[in-house]
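Subject: Structure handover and findings

Dear colleague,

My notes on what was found in it follow directly after.

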Amino acid sequence: MKSMLILLIASISFSIFANTETDKGKALYIAPGKGGCATCHGETGNEPVMPMYPKIGGQNELYLFNQMKDYKMKKRKNGLFMTMVVAMERYTDEEIRLMAKYLSAVNSN
Ligand code: HEC
């Protein structure tokens with residue numbers, strides 16, 4: 001009986017920890033009607049819909065965070081930046097951090 005209880009507690013806490021920051025970041029990244037990130041960059045960030053769009057999956061977390069912040073603050077203005085200014089408008093710094101965490105965790109083969 002006691003071991004059953006331990007097993008139960010262990011599986012409950014496992015499912016809590018399964019909802020990691022990476023999972024939250026992914027949910028924000030693919031959320032329909034929010035930034036539309038996956039529409040342009042693909043679900044893993046590495047299937048851009050156009051050859052001139054960058055692959056971002058597996059990139060360094062801090063680099064990704066800084067780029068997204070720069071677009072949001074209108075500090076990065078190169079190439080096709082306008083699409084990204086619009087995309088980042090609806091995200092808080094904390095949400096950007098979580099998305100950077102998700103994208104950097106993607107395997108960049
Ligand atoms: C309409 C298409 C489009 C959407 C939607 C979009 N992006 Fe982008 N993204 C681009 C393009 C194009 C660039 C390259 C812009 C440039 O030249 O600076 C880019 C650049 C980036 C970069 C910088 C890559 C690098 O190597 O510096 C990151 C990170 C990024 N996007 C993440 C996101 C995230 C996260 C979202 C959702 C909030 C998103 N993008 C939504 C098209 C898009």
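The largest nonpolar core of this predicted model comprises 17 residues, and M68, M99, A100 and L103 have the most contacts inside it. A nonpolar core here is a set of buried Ala, Val, Leu, Ile, Met, Phe, Trp, Tyr and Cys residues joined through C-beta atoms within 7 Å. A residue counts as buried if 20 or more other C-beta atoms lie within 10 Å of its own, as exposed if 12 or fewer do, and as partly exposed in between, with C-beta atoms placed from the backbone. Two or more residues of this core come from each of α2 (21–30), α4 (61–72), α5 (81–88) and α6 (93–105). The largest contribution to this core is that of α6, with six residues. Helices (H or I, at least four residues) and strands (E, at least two) are DSSP runs, numbered from the N terminus.

Two conventions apply throughout. Residues are numbered from 1 along each chain as its sequence is written. As the model is predicted, local features need pLDDT of at least 70 and side-chain atom pairs count only at pLDDT 80 or more, whereas totals for chains, interfaces and linings use all residues.

Overall composition

The protein has six helices and zero strands, so that its elements run α-α-α-α-α-α from the N terminus on. Of its 109 residues, 24% are buried. Among contacts with a separation of 6 or more, 63% join residues 24 or more positions apart; two residues are in contact if their C-beta atoms, placed from the backbone, lie within 7 Å.

Helices α6 and α4

In α6, the buried residues are I96, L98, M99, A100, Y102, L103 and S104, and what covers them includes α2 and α4. Leaving out residues up to four places away in sequence, M99 touches G25, L28 and Y29. The 13 residues of α6 should span 18 Å at 1.5 Å a residue, and the end C-alpha atoms are 18 Å apart, which agrees; the expected span is 1.5 Å times one less than the number of residues. E94, also found in α6, is exposed because it has 10 other C-beta atoms within 10 Å. Its C-alpha atom is 10.0 Å from that of F65, and E94 and F65 are 29 residues apart in sequence.

In α4, twelve residues reach 17 Å from the first C-alpha to the last, close to the 16 Å expected at 1.5 Å a residue. L64, Q67, M68 and Y71 are the buried residues of α4. They lie on the same side of α4, because they cover an arc of only 95° around the axis, the arc being that of the directions from the helix axis to the C-beta atoms. What covers these buried residues includes α5 and α6.

Just after α4, K74 takes a positive phi of about 55°. Most residues other than glycine have a negative phi. K74 lies in the loop between α4 and α5 and is exposed, with 11 other C-beta atoms within 10 Å.

I56, by contrast, is a buried residue, with 25 other C-beta atoms within 10 Å, and belongs to the loop between α3 and α4. Apart from neighbours within four places in sequence, I56 is in contact with H41, G45, L64 and L103. I56 and T44 are twelve residues apart in sequence, and their C-alpha atoms are 8.1 Å apart in space.

The ligand and its surroundings

The ligand is surrounded by 22 residues, of which G35, C37, C40, G79 and A87 are the closest; a residue is near a molecule if its C-beta atom, placed from the backbone, lies within 6 Å of it. Two or more residues of this shell come from each of α3 (37–41), α4 and α5, and α5 gives the most, with five. By class, the shell has 14 nonpolar, eight polar and no charged residues. For this count, Ala, Val, Leu, Ile, Met, Phe, Trp, Tyr, Cys and Pro are nonpolar, Asp, Glu, Lys and Arg are charged, and the others, Gly among them, are polar.

V86 lies in helix α5 and is exposed, with 12 other C-beta atoms within 10 Å. The C-alpha atoms of V86 and G35 are separated by 7.9 Å, although these residues are 51 residues apart along the chain.

With kind regards
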